[in-house]
Amino acid sequence: MKLIKQAILEHREGTSDKVYEVDLCQVGDDQYVVNFRYGRRGGSLREGTKTALPVGRDQADRAFAALVASKTKKGYRHKNHGSTASELPQTDDTAVNQPDGSAIERAGRILGPGEQAIMERLRQGDRARRGAWKLDRAVWRAGELGLAEAEPLLVECWRAAKKNQLVRRYSIAWALGRRAARLSSSAIEVLEAIADDHNEAESTRRIAVEGLRRLYDDERRAGLIEDHIGRLPGSLAELAETGPAELFAAELAAMLDGEQDESVRKAAQRALETCYLIDNQHVRPGLLAVLRDRPVGANYFVRMRHIFKAAEFRRDGEVFGLLAYRFEKTPANRIDWYSRRDRSEPFRQPTRMYLRRRVWRTLRRLGRDGSRDFVTMAVGVLLPVVDGDAGQPKTRTYYRWRAPNIVITWDRFAGYWAFNHLLYGHSPRYYPDANSKTRRCRASYKPGDPPPRAREESFPHLWDGNPAGLLHLLDESECGPVHEFAAKALRANTAFLARIDSSAAIMLLARPYDVTLELGFELAERLYDPGQPDIELLTAVTDCRLARARERARSWIDHRREELCRNTQFMAGLAASAYRDNREYARNALRLAVLSDPTARALIGRLIALIGDMGRDEDERIGDIGSTLLACFGSRLASVGIEIIRDLIEHPAAAAQQFAGELLLNHTELARRTPDDLLLRLLDSPHQPVRATGASLLGQLPDSVLSEHSELLLLLSIHELADLRSASRAIISRLAGASWSLATDRSPGANFVLACTRELMHKQAKGVHSHLLALLRDELGEYLEHIDKATIWQLLHHKHPHAQELGGVLLASRMGPDDLSVAEIVKLSSHEILAVRRGAWAMCERAIDRLKRAMPTAIRLLDASWRDSREFAFGFFRDRMTDPSSLPTSWWPSATASGRMCSSLVASSSPAISGKKTDRPTCSGSANTPARPSSSLPAIISSAMPRAGPSASASSSRISRPCCPGSTRAASPNSAVSLFYSARP
């Protein structure tokens, strides 16, 4: 920033002695600002500006003249007896750091009134009159301004300072180290003497070393740093010199966390200040990690405070801003007045408030002095704040009696003091609350309202003088208000925007904030040349989050579509874009494009590689990429390598696995003979569409290949997922009807049936048993004859109902009349599975002769537990077992009794008869039957017995008649069998 013209006005009346200074400064090409300062002579001047934004020279001249004229009308006079303002000669030395000016010139530089006051106060020393400016403040101010002219006076002040004047001695060392030019040999000797004097205060020695580090030439500075590297504990010294940075950071963290050796941990904590003094490429990353993550407590706060002051001294914006952020975010330690230890905690509320004020005070001093370091330090303070640090807007209402209520509103970032001062120093919507160090909303503004069009930041002319700082904020900041400020300020700096290239626009288009994207898109539209497309810029616009920017980019592509379609890198990025409209556009463009075989294969390779780099949660993008490849390059994908397919199947995303399955389905070789591991990987996928693709692939294999995969089909048949079981059932049905031979017991069909039968008797997932039963009974019914009788007997006695049901099916077809005893047949007729009962009925039909010979046991069929079995038994005895000629004569009563029993059997076969307990369904094939009637079976049978004669009544009353000749088990008085025996002669 150049000082072009200056007017110094003064007004003296009575005890009033005021000055008013007006500057016209150049901040860029044809960009000028008019600033002013005013206040009491010798004191701090308040600042302002007449141009919120830079203007042209003519407009700036008019504003300058109008301001000077308005002050002269109020009684101000030019300092040099009314002379008018004149333009100042400009050199490189006066381009920056020239807030003031005067008629006094020293060492080729014009000193302002403030600088003259400092020099005068340093000359006075301790001889100043009472009430004068404190010497310590004058010394400090000389260091802030970097007055090289004050060096001899500072050396004299040091020699005159007493040992107990710690603040003065510290300020003199600070000011000597902060001067703008190289120190003379005498001043360097003073700083070296301070650094080597062990009787000097530690803080003064520390700042003297910082001053030497700043002012030494390269050779002497390297020697100073090397000396301090040797002071590091343990292996830190070697790592600080040779690196790498990762190992130094790990070693430093390990020493700070060391729990076994307290001395090592304390030595590492003390070494933090030495690390910052060294501050090379090996040490700085590890130190920043410590400052960022370690707690601001008793063990670290003292070191952090020392580093904070050193960063302020060096104008190190990164470290200064990081620690300022920690002081803002970390709550102060609470004081327990009953515990001495807690009262000694260093980071208490007064300390925290002081440090928060000091951050803004430093920035304000730099801004008022017009220092180049202001932007550097301000950027460092703004960058650590992120969107996640924002709170919720708050409103508090104070109710007043007979007066309007007071409503106070705070916005999301209201609690960040320096942050708000930087962004909203001239804001019409916020005002500061100095007591609580917050910013409140004005009554006319509510959080969430649109921001004003005017700029709100403090010292806008300094930001305009260093717009690269604004670009730095837009590049790295993750905070919405910072982007809002920086984009607005950068858009106002048209001269700077006219000079930046496409790389800045590309960077802006990649940011996630709308204000930054709008600015980047405006730059891109200005920089893009459709005749000679910049591929990187075009890619950045197509990937922009703004829909209108992407639409504009696609219109640019349409002008040179054929040429851009041959750019495989560009088209791969477009087809794999994060935005669906771009992916659809790329698919349509590639369908219409005519690509050579090498170009097409290169594009296929790039897209498949992009799929491999994507994560589990990007199914939609991967699916669209796969659709584009299949739609545009289907024939070329028919010969893709198996390793590529294998990698896609191993991908965690379901869409990638499904795409791999589609590649296999369309493959010229692998579709007819797919490797088992790939097929199993598809079928075992947790995603249903992938399994469906695997099932389709399995179904299109030839029957000869499928016959070799009987084990795979068995695994699918007992799989816990129903869709795989259903898919395998269709394949098994096809093989059973066409390919599996029935010639021998060792045919694939027979082996498969035996395997399914064994699985039916094992514990399976829910639904597997019913699936296996239906498969064996329906699709594989022709192969059931290969199941041996021992297996059938195991099925009948298995605990699982589906196995029992299969045993019942096989009982009727595979078991002969001599394979079961009559008692076993009778027992099976009372089985809870309908198929088993039906098998028992079939056995009865084939074993009539055996039943007649074992009538005492066979007659128990009439007392079966299930109504359908009893109905069958009554019909069976009525139709097949009541012929007296077919039974032994000793088993039947007289003709009369026999006729009555037959009549009773006929009557008992009525459908109204039911069992003694309710049937319940157990599995597929079971039938529900009604309950037993109220009239008991013994009563029905006894009604058929002869009632004339004493023998009949006597026999009916006996209850201990043996069941059969030679039996010792008594018959139950309520059983049908006992009543039947009582009817015998």
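**The whole chain**

Before you select anything, keep in mind that this is a predicted model. The accessible surface comes to about 46,800 Å², and carbon and sulfur atoms hold 50% of that. Of the 985 residues, 50% count as buried. As for contacts with a separation of 6 or more, 64% of them are between residues 24 or more positions apart.

Select residues 430-433, which are strand β11, and residues 438-441, which are strand β12. The two run antiparallel, with four bridges joining them. They make a hairpin with four residues between the strands. Click on Lys-437 in that turn and check its phi, which is positive at about 55 degrees. Then find Tyr-430, which stands opposite Cys-441 of β12.

In general, strands of a sheet pair through backbone hydrogen bonds, either parallel or antiparallel.

In what order do the strands of this open sheet come? Reading across, the four go β9-β10-β12-β11, with antiparallel pairing. Color β9 (394-398) and β11 to see the edges: each has a single partner strand, so one side of each is left without a neighbour in the sheet. Neighbouring strands here are turned by 40 degrees against each other on average, ignoring direction.

**Stop two: the nonpolar cores**

Time to go inside. The largest nonpolar core has 211 residues. Which of them touch the most other members? Select Leu-363, Phe-374, Trp-463, Phe-633 and Leu-698 to see them. Zoom in on Phe-633 and show what surrounds it: apart from residues up to four places away in sequence, Phe-633 touches Leu-590, Leu-595, Ala-600, Leu-603, Ile-604 and Thr-628. There is also a second, separate core, made of 37 residues, and Ala-150, Ala-195, Tyr-216 and Phe-313 are among them.

Jump to residues 654-665, helix α33, and pick Leu-663. Is Leu-663 buried or exposed? With a relative accessible area of 1%, it is buried, since the cut-off for buried is under 20%. Setting aside neighbours within four places in sequence, Leu-663 is in contact with Leu-630, Leu-637, Val-640, Ile-645 and Leu-648. Try the distance tool on Leu-630: it is 33 residues from Leu-663 in sequence, while their C-alpha atoms are 8.3 Å apart.

Now move to helix α35, residues 688-699, and select Thr-693. Its relative accessible area is 6%, so Thr-693 is buried as well. Follow the side chain of Thr-693 and you'll find it reaching the backbone oxygen of Pro-689, at 3.0 Å. Beyond its neighbours within four places in sequence, Thr-693 is in contact with Gln-658, Gly-661, Glu-662 and Leu-665.

Select Gly-243 and Pro-244. The peptide bond joining them is cis, with omega at about 0 degrees. Pro-244 sits in the loop between α9 (236-242) and α10 (245-257).

Go on to Asp-279, in the loop between α11 (262-278) and α12 (284-293). Its phi is near 50 degrees, a positive value in a residue other than glycine. Asp-279 counts as buried, at 18% relative accessibility.

Finish at Phe-459, in the loop between β12 and α19 (460-465). Phe-459 is not a glycine, yet it has a positive phi of about 50 degrees. With a relative accessible area of 11%, Phe-459 is buried.

Key. Residues are numbered from 1 along each chain as its sequence is written. This is a predicted model: local features need pLDDT of at least 70, side-chain atom pairs count only at pLDDT 80 or more; totals for chains, interfaces and linings use all residues. Side-chain values use heavy atoms; hydrogens and water are left out. Buried means under 20% relative accessible area, exposed over 50%, partly exposed in between (1.4 Å probe, protein chains only). A polar contact is a pair of N or O atoms within 3.5 Å; within protein, one must be able to donate a hydrogen and the other to accept it, and residues adjacent in sequence count only if both atoms are side-chain atoms. Contact means heavy atoms within 4.5 Å. Two strands pair if DSSP finds at least two bridges between them. A nonpolar core is a set of buried Ala, Val, Leu, Ile, Met, Phe, Trp, Tyr and Cys residues joined through side-chain atoms within 4.5 Å. Accessible areas come from the Shrake-Rupley method with a 1.4 Å probe; for residues, only the protein chains shown count as cover. Axes are lines fitted to C-alpha atoms, for helices over the stretch in contact, and angles run from 0 to 180 degrees between N-to-C directions.
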